[in-house]
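Student: Can we go through this one together? I'd like the overall fold, then the aromatic rings.

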Amino acid sequence: MKIATVLRKDDYTREVCRQLREKLLQPDCPFRFVESPEEKPDMVLSIGGDGTLLEAVHQYGFEPAYVGIHTGHLGFYADWHPDELDEFVQVLTQRTEPVIVEYPTVQCRIHTKQGITYDKWALNELVIRNASLSTLVACVYINGDEFETFRGDGLIVSSPSGSTAYNKAVNGALVHPSIEAIQLSEIASINNQAYRTVNSSLVLPNHHEVELIVMNPEIMIGLDREQGVWKDVRSITCRVGGEKVKFARYKKLTFWSRVRKSFITG
Ligand code: NAP
């Protein structure tokens, strides 16, 4: 089995990775560590936080199965704690069959005014904001029909697993990752006698499409960890991605128990 690692850049995380390699690489072990996507790992170990896992999936894509070891607090994508390295090594060496769970992504197509299109995807979310502090103005179309004109700080289109991230901070709903959907949420919309938005998050099923027609000459686009200023964007269309990210689960940790632990009991 070929294993790749993606690490948060701190000494503790590097030490956890060193210990893990030492425990796994025993004589005659069936594991080999690889260093790049070209070497096609079967499994990618993300050691760090949920942010590290986002980095890993953008580096290694949809083929491998991901396992997260969290060197901070319990993660939404990470199942294992560094105290459990021996148990983790045991399940791998005993070739325990993991449950493979697949998380939907957000598929985004960015269209420029010059007619160029860029295909992007996100495991957590797409975010658009105006590039300066002034208001973002975007016409929202759903399945080709005009829905509203948004004015405010920004818009988020999140996946189910991203619903616990930025989307939650703007009071979006938490969506179980087994539901194939995207969620459109507002960041500080202007609602007064002149301007009006629905002012609620919208959950759209598979095959529905949301189109954001951008009125600002420059916007900030965020895709998970990646962010940048884009000029002359005409529109962005988003739908549930055709590809899912695979996670290898060796222990039962339900989505709702993670939600409870992260946000209620700590
Ligand atoms: P960051 O600003 O360093 O960390 C953002 C926080 O979001 C971290 O605590 C991270 O967990 C957590 N997180 C990431 N994915 C999550 C998920 N699916 N569910 C629950 N929490 C999650 O940024 P980053 O580490 O590069 O992560 C990028 C993400 O930050 C974006 O995708 C966006 O969702 C989120 N973000 C949130 C806000 C907000 O809540 N107001 C604003 C901007 C961006 P770890 O500590 O385990 O890495």
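This is a predicted model: local features need pLDDT of at least 70, side-chain atom pairs count only at pLDDT 80 or more; totals for chains, interfaces and linings use all residues.

Student: How many helices and strands are in the protein chain?

Tutor: The protein chain has 5 helices and 15 strands. Its radius of gyration is 20 Å, close to the 18 Å from the globule rule for 266 residues, so the chain is as compact as a globular protein of that length.

Student: And what box do the C-alpha atoms fill?

Tutor: Roughly 70 × 40 × 35 Å along the principal axes.

Student: What share of the residues counts as buried?

Tutor: Of the 266 residues, 48% are buried. As for contacts between residues at least 6 apart in sequence, 68% join residues at least 24 apart.

Student: Switching to rings. How many aromatic pairs are there?

Tutor: The count is 11 aromatic pairs. In one of them, the ring centres of Phe62 and Trp121 are 4.5 Å apart with the planes at 45 degrees, so this pair is tilted.

Student: Where do Phe62 and Trp121 sit in the chain?

Tutor: Phe62 is in the loop between helix H2 (50–60) and strand E4 (65–70), while Trp121 belongs to strand E6 (residues 117–122); they are 59 residues apart. Phe62 counts as buried at 17% relative accessibility, and Trp121 is partly exposed at 21%.

Student: Which residues form an aromatic cluster?

Tutor: Tyr66, Tyr77, Tyr103 and Phe247 form one.

Key:
Residues are numbered from 1 along each chain as its sequence is written. Side-chain values use heavy atoms; hydrogens and water are left out. Helices (H or I, at least four residues) and strands (E, at least two) are DSSP runs, numbered from the N terminus. The radius of gyration is taken over C-alpha atoms; the globule rule is 2.2 Å times the number of residues to the power 0.38. Buried means under 20% relative accessible area, exposed over 50%, partly exposed in between (1.4 Å probe, protein chains only). Contact means heavy atoms within 4.5 Å. Rings of Phe, Tyr and Trp (its six-membered ring) pair if their centres lie within 6.5 Å; planes under 30 degrees apart count as stacked, over 60 as edge-to-face and the rest as tilted.
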